[in-house]
Amino acid sequence: MKHGIHFFDRSVLTTAIQDFTAVIKEDPTNAQARLYRGRAYAKQQQYRNAIEDLSAALHLDPFCWLAFFYRGCILRHLDPKRAVQDFSVSVLINDTQENFCSFLHRGIIYSEQCQWSLAICDFESVLALDRSVIFAYLNIGLILLLHLDQYYKAIRQFTKAIETDPLNVRAYVCRAQAYHKIHNLPNAVKDINRAIHLYPNKSQLCILRGQYLMEMKKYELASLCIHQVAEMDEGSLKSQPVQRALIQSFCQNHNKAIEYLREVTAIQPEPSMFVLLGKIQMKAKKTKDAVQSFKQAIKLLITSAKTLPTTFEAAEMYYLIGLCYMEQVSLLQACDAFCMAIRLHSSYPDAFYQRGLCRMQLGQAKCIQDFNRTLALCPSHFQAYMSRAVYYGSKGRCSKAILNCNEAIKIHPNSVRAYFYRGTLKYHNKTYKVAIEDLSKTIDLNKSCVLAYYNRAVCYHQIKDFRKALKDYGILLLLELSKEIAFKVLINRGLLYVELGDYANACEDFKVATLHNPFDSQIFQAIGICYHRLNEFEEAVRSFNQVLKLDPMSVDAYVGRGNSYMENGHEADRKQAQKDFLKALHLNPKCVKARICLGYNLQALGKFQKAWNQFTIAVGIDPKCHAAYDGRASVCLQMGETFAAFQDTNAALKLTTTAPLLTNRGVINQFMGYLSCAMRDYQHAISVDPDYALAYFNAGNIYFHNRQFSQAYCYYSKASQLDPRNESAVMNRAITNTFLKNIKEAKEDFEKAVCLCPFSAAVYFNRAHFYNGLKQYELAEKDISTALSIQPNDALMYKFRADIRGKLGFRKEAIDDYKQAVSIQEQINSM
């Protein structure tokens, strides 16, 4: 017996079995010999003999707990129920630390039978007997983690395992997975890092760390992990070529991944391998090769009856073929592939969705049915809602499109695309304020969304919130823009500046826009208009010249250039302007704007009848053109046809009520002597446009005429406030202040009038009267002399200077002035 035990301990099992057999022959009741021989048979995997010996040992010694334990170990996989009985009897006989393995093995069987509470009790019994058994901690932790969802308790078990054995890699990995379950990703990554430190060449650990880093949105670190796996010794992945291929594909080494998978498919031609190969070929943009791979997978799936099984696997292959055809813009073939996928698997939402996209691109109304079917199968299909919104939007059904965007936002509350598209739809619905809310949300989610800033600026422009519109356009020009968008931004901002009357900034934007598109005549036309409004007429002419180089048939350019020539005021420029207006009419005889401009040009040249004819033709072309009536009225007034002017102005006012037209009618009434009617017109003009300076000025003149100097003073002040360059308003206010005895203010107004118009004889003449009234004869004499130097043939001014010189005692000079005044008057009378 001792001889056999000696060889058993040294694993010389054949000799040990022979010795134990000899003992049993001599003493068939020797339970110990049966026990050892049974254990030896078990080690040699002669389980039948082993069970017979262990059963005999138990028959001879029913309290042999070791025999129960070893028989239970052999029966664990063959008969788990009997094994549990054996372990239970074993621990019943001996429940000390010596027999903790019986608890351990029984706990494992309970785990395999999903009897989690019984398994945990056995593992806890093991730990009660021996606190150093790592396996028990791990098993309790895994049951709590994987089956009972008690993650915090699982973490405590794994932590105890680590405290017992700080070098146990499995404990770190399990605890990392538990941390992952409770979304404590930083601690999960820490545990995986510790596991990698212990096993640096374990590729699976690096992959797991990459996964956790991806979830933490640390994409660069995650990518680094996968690249690290790819750079590891390929020998560690030799047995896993598919995994090698996936890693290489992640690292964008698609060709290498394809090479690995081709080797696999040559040895193992399975449908799943060809599908994986096709997917990687799709990533590599080799869609034609991918189609061939998927078709090869389909061939392998075809049964002996030459039919495809109606499974999701087969349907997915056709779905992927459809995606490849879509990439190749072979829409009809793609549609056929998706139809086949649906035929094989009728509950395939993505196949319905992609077929809907194909049909939408083909202009088929049936696409909406596919989107509806997608949503019936998968109510949370974000893309289906968005595509349905695009379809309805393209049909002008904005409200229905917005409803689909609402549903999409419920699925993805932070979708930049959904908020942006909904904002755009609301813009088209002309609900600008709510469109701004959506576009602002888009910008909050993505600070560099160029189109969101652009559309929001357009919305602000529409609701006249110019400050915010300018701010958005300014932000856009600081971002990296495509040439096309930058051009549109500059044009829009330029138009906004025009609307604000800021022609200088508008002009600058249009000039920068010409750098993006130097052949767009409309931009140069806009630049010319801006220069004209800025009174830079030579620059305006140059801009219109550029327009005519690009588009020699541009009527607007000839009219614009003609108006710029007109503003110069020289006779030659007026004739050149006339040529431009005539060219515009030659190109388009029905151009009312050109007719009116030509009429004003002829009026400026003193050709009143011809001017009247042009305005009359303009009225004939467009009887609703108030500008034509207004122009003809001004000519009639100059020709002395006051009543005709009055009729034309009334005709213009029937078409539109503007402050200038009302003021013009007031002037005609004033000419006709109807001052109360004139005043009504001026007051009406002020109510229509409270910022129209000329109405205040003319009303002030009537008050002055009626010697209502206080009212006249107020109206002249308002006129000069609205038009600070109007020297007539300032001068008239100075005279009014003189009558009101506001000497200081009158003096200031005369000074201002002189500054505004230093070559106006009337200003100096009136100030001379002012100084004369103050008996400041030297200053009066100086001003009247200046007035005469500007307007030398005025008899009244010579008489006035003679009076002043007489008061100063300059008799000889006074007599000379009287003689000069008489001489000038005689010349006038003789004419």
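Student: What makes Q525, I529, H532, R533, F544, D556, V559, G560, N563 and K593 the lining of the largest pocket?

Tutor: Lining residues have an atom within 4 Å of a pocket point. A pocket is an open set of points on a 1 Å grid over the protein atoms alone, with protein on both sides within 12 Å along at least five of seven lines. Those ten names line the largest one. This is a predicted model: local features need pLDDT of at least 70, side-chain atom pairs count only at pLDDT 80 or more, and totals for chains, interfaces and linings use all residues. Numbering runs from 1 along each chain as its sequence is written, and side-chain values use heavy atoms, leaving out hydrogens and water.

Student: Which helices each supply at least two residues of that lining?

Tutor: α31 (521–533) and α33 (555–568). Helices are DSSP runs (H or I, at least four residues), numbered from the N terminus.

Student: What volume does the second largest pocket have?

Tutor: About 250 Å³. A volume is the space filled by probe spheres set on the grid points, which are joined across faces, edges and corners. N563 lines the second largest pocket, and α33, α35 (592–604) and α37 (626–638) each supply at least two of its lining residues.

Student: Why is C121 called partly exposed?

Tutor: Buried means under 20% relative accessible area, exposed over 50%, partly exposed in between (1.4 Å probe, protein chains only). C121 has 42%, so it is partly exposed. C378, at 22%, is therefore partly exposed.

Definitions and conventions. On a 1 Å grid over the protein atoms alone, a cavity is a set of points where a 1.4 Å probe fits but cannot get out, and a pocket is an open set with protein on both sides within 12 Å along at least five of seven lines; lining residues have an atom within 4 Å of a point.
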